[in-house]
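Follow along in the model shown here.

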Amino acid sequence: MTIEKAPVHDFASDWDHSDPEWVKDPYPIWDDLRQRCPVAHTERYGGGWFPATHAGVSAVANDTEHFTSRTVVIGNGRPMEDALPAPIGVAPPITSDPPFHQIARRLILPAFAPGPVNALEPMIRSLCSDLLERVAGQEVINASSDYAQFIPPSVIKRMLGFPEQDEDLFREFVHVILEGIDEPVEERIEKFAPIEAYFQAQIEEHAQNPREDLTTFLMNAEILGEKLEPQHVAGTMILVLVAGIDTTWSAIGASLWHLAQNPQDLERLVNEPDLMPFAIEEFLRFYAPVTMARLVKQDMEFLGCSMKQDDWILLGFPAANRDPAVLERAGEFIIDRKENRHLAFGLGIHRCAGSNLARLELRVAIEEFIKRYPRFELAEPSAVTWAAGQVRGPRSIPIRVA
Ligand code: HEM
């Protein structure tokens, strides 16, 4: 069940990131807000703010004194303080505040360093090739539901050491956590129960059969000579699953969606492979999939707004990426853009820990796709659908490949 909501008439005073207009095409809304506000307000979700400029997003993301990451996903309630209170939060390190944040982050960084991540390339390449083989011979394939959606879950499953057959469950978990934002709080808590039970079962199974994976690593890790709290282990596993799946699936999908409509960019990418590193950064900038939230710690004036304790701030990294105040021709996709210091992976202490892996998956997924199909086009533009919520990407992309 979702809560019935009135349509939005003015995003400056009543924004809603699950409004159909925002979900379908948020860019004109953000361009407008940037000129008019630039910090939009809403009473929805118990009150919140949306800075649409690069300066506004950076100011909040860099300020851990006035904003907490206790929860980063907006919902109708406020986070369950009793689950694992600040500064650790329910999914460390993303829900941890300083100084604990640095400890929780340092713990997982080695798993996402270039060495171990690059070692995954042959596996990702053969996965992509196998997925394309499954739909070989079809005139129209779905670049999201036949291809992009399978790549990140398969990689994350191997990192965490989870069973082969559970991939569908992971997408369901991610859906509950990221997209069930309009559900009443009690219903949301109820839906979280099986997710927690699943992770608990995985931890128990790993305790019986330890092996070389991130789950076993977290179970053995220590902070100041003490094993991690069980909720810390489970919370970080959930974070890796959620942070690693929807995000990268969205980035791969949006990039293929772009190429399906821009034959000149596709042709250049096929004929000039040296363009790939620049293209990857431009895909990430232009179609940045992730927006994350903060909560205001105490009543205060900030960016000219009277913010109240526990108001949400939605960090529009994708909106900041298109701010003409910091980037020339910010509203244009330029496949060989050289200067590209985008915020797709966030900024400040919570900057994405998995960016090496995300870039690798995105590059290999595109390389394999265009190797198999050097020419393709959108088969049915009206059939393209977008995920609602804080991670935005296409969920259906019918593409004509022959
Ligand atoms: C294109 C794909 C991805 C994008 C656009 C992306 C974006 C982001 C952003 C914007 C943040 C900052 C959140 C905040 O400020 O609250 C973040 C944090 C994080 N991401 Fe990613 N991400 C991607 C893929 C991944 C992958 C593949 C993983 C790992 C499997 C991952 C793991 C993390 C973790 C652990 C954090 C929390 C870091 C911290 O709090 O210190 N991400 N990501």
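The buried residues of α14 pack against α13, α15 (276-286) and α17. Helices here are DSSP runs of H or I with at least four residues, and strands are runs of E with at least two, numbered from the N terminus. Contact means C-beta atoms, placed from the backbone, within 7 Å. The model is predicted: local features need pLDDT of at least 70, side-chain atom pairs count only at pLDDT 80 or more, and totals for chains, interfaces and linings use all residues. Residues are numbered from 1 along each chain as its sequence is written.

A residue is buried if 20 or more other C-beta atoms lie within 10 Å of its own, exposed if 12 or fewer, and partly exposed in between.

| Class in α14 | Residues |
|---|---|
| Buried | Asp 265, Leu 266, Leu 269 |
| Exposed | Pro 263, Gln 264, Asn 271 |

The buried set falls within an arc of 100 degrees seen down the axis of α14, so these residues line one face of the helix. That arc is taken from the directions from the helix axis to the C-beta atoms. The exposed three sit on the other side.

Last, the loop. Asp 311 lies between β9 (305-307) and β10 (312-315). Asp 311 is buried, with 22 other C-beta atoms within 10 Å.

Methods. Contact = placed C-beta atoms within 7 Å.
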